[in-house]
Amino acid sequence: MLLACGMQRCHQEALKRNRVVLAKQMVLKELLEHMIEKDIITPEMMETIQAKSGSFSQNVEFLNLLPKRGPNAFSAFCEALRETKQQHLEAVILKTTSNLSHGVARLEHCYGSNLPFAASESCNSKRPRWIEPVEHSWDNGDGPPVPPVKYCTPEFYRDHQHLAYKLISEPRGLALVLSNVHFSSEKDLEYRAGGDVDCTSLEMLFKHLGYQVTLFHDQTAQEMHDALERFSKLPDHRNVDSCIVALLSHGVEGGVYGSDGKLLQLQEAFQLFDNANCPNLQNKPKMFFIQACRGGE
């Protein structure tokens, strides 16, 4: 699957399998200029790469960045290798790409593309159960590489489903995402660069997993508490099988900051969803994702 901003999976895998060879042998200085000329990387990215100590570390930084630079990045990289007289490296990764393509073709020929569903997890026409990984590059290439997600097989599901929570409702559950990126000047809290990217990525992920998502941006500590309390008391929790809460902000050990620089204590947030305060979610999985530092360096 190739989306507007994603490098093809076989190209990503070819780079991964030849990562050590490329990191050891690639001569990067002139190649980076070619990649800027082809609009694959920016001058700022080149500065970040060149700030690394030593050619090996610089090559590693470049290889981390390359798979997230769009569907044309691989072909542009190969062309840049030729233009900088590094055809031997191009030949290595193109051979790997060819072998990977033949392997996929053989698998599809042997097994086909249809997989059976477990009996109690039948396909629902409203939403496909099997969704290919999304490969958007939302972060301008400055985030960590995203590993592919391997789905469990129908056989594994059938053998282990008795140990798992029931997650068959439509929607699977309700999700609340609170994301703070701007903070009042009273506290020395910096703008969270990339916070909107993380929020968008989580929203996409939760929707792909079948959750009904509610978002709030730049909330004060009190507004965060109020949003969590309202969310915990929603009667719709009675009709779904799970719940997700994601808090994205600056933080300290045991707390996250509101946009006003005041702290929301995590234990207070968790208590809003215990059996006494949120009986509609009793015996259902409640998942909390906290993206915030804890006061350390």
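Visitor: Which residue just after H3 takes a positive phi?
Guide: Asp39 does, at about 60°. Keep in mind that this is a predicted model.

Visitor: OK, H3 itself. Which of its residues are buried?
Guide: Leu31, Leu32, His34, Met35 and Ile36 of H3 are buried.

Visitor: And what covers them?
Guide: The cover over the buried residues of H3 includes helix H4 (43-50), helix H5 (55-65) and H6.

Visitor: Take H6. How do you describe two packed helices?
Guide: By the angle between their axes and the distance between the axes.

Visitor: What are those values for H3 and H6?
Guide: The axes of H3 (residues 29-37) and H6 (residues 73-83) come within 9 Å. They cross at roughly 135°.

Visitor: Why call that oblique?
Guide: Only angles over 145 degrees count as roughly antiparallel, and 65 to 115 as roughly perpendicular. The crossing at roughly 135° therefore leaves H3 and H6 oblique to each other.

Visitor: Left-handed or right-handed?
Guide: H3 passes H6 in a right-handed crossing.

Visitor: Which residues make the contact?
Guide: From H3, Glu30, Leu31, His34 and Met35. From H6, Ala73, Ala76, Phe77, Ala80, Leu81 and Glu83.

Visitor: How does that contact split by class?
Guide: The contact of H3 with H6 has 7 nonpolar, 1 polar and 2 charged residues.

Visitor: Now the whole protein. How many helices and strands?
Guide: 11 helices and 7 strands. The protein has 297 residues, and 38% of them are buried.

Visitor: What about its accessible surface?
Guide: About 17,500 Å². Carbon and sulfur atoms hold 53% of that.

Key. Residues are numbered from 1 along each chain as its sequence is written. This is a predicted model: local features need pLDDT of at least 70, side-chain atom pairs count only at pLDDT 80 or more; totals for chains, interfaces and linings use all residues. Side-chain values use heavy atoms; hydrogens and water are left out. Axes are lines fitted to C-alpha atoms, for helices over the stretch in contact, and angles run from 0 to 180 degrees between N-to-C directions. Helices (H or I, at least four residues) and strands (E, at least two) are DSSP runs, numbered from the N terminus. Angles under 35 degrees count as roughly parallel, over 145 as roughly antiparallel, 65 to 115 as roughly perpendicular and the rest as oblique. A crossing is left-handed if the near helix is turned anticlockwise from the far one by less than a right angle, and right-handed if clockwise. Contact means heavy atoms within 4.5 Å. Ala, Val, Leu, Ile, Met, Phe, Trp, Tyr, Cys and Pro count as nonpolar, Asp, Glu, Lys and Arg as charged, and the others, Gly among them, as polar. Buried means under 20% relative accessible area, exposed over 50%, partly exposed in between (1.4 Å probe, protein chains only). Accessible areas come from the Shrake-Rupley method with a 1.4 Å probe; for residues, only the protein chains shown count as cover.
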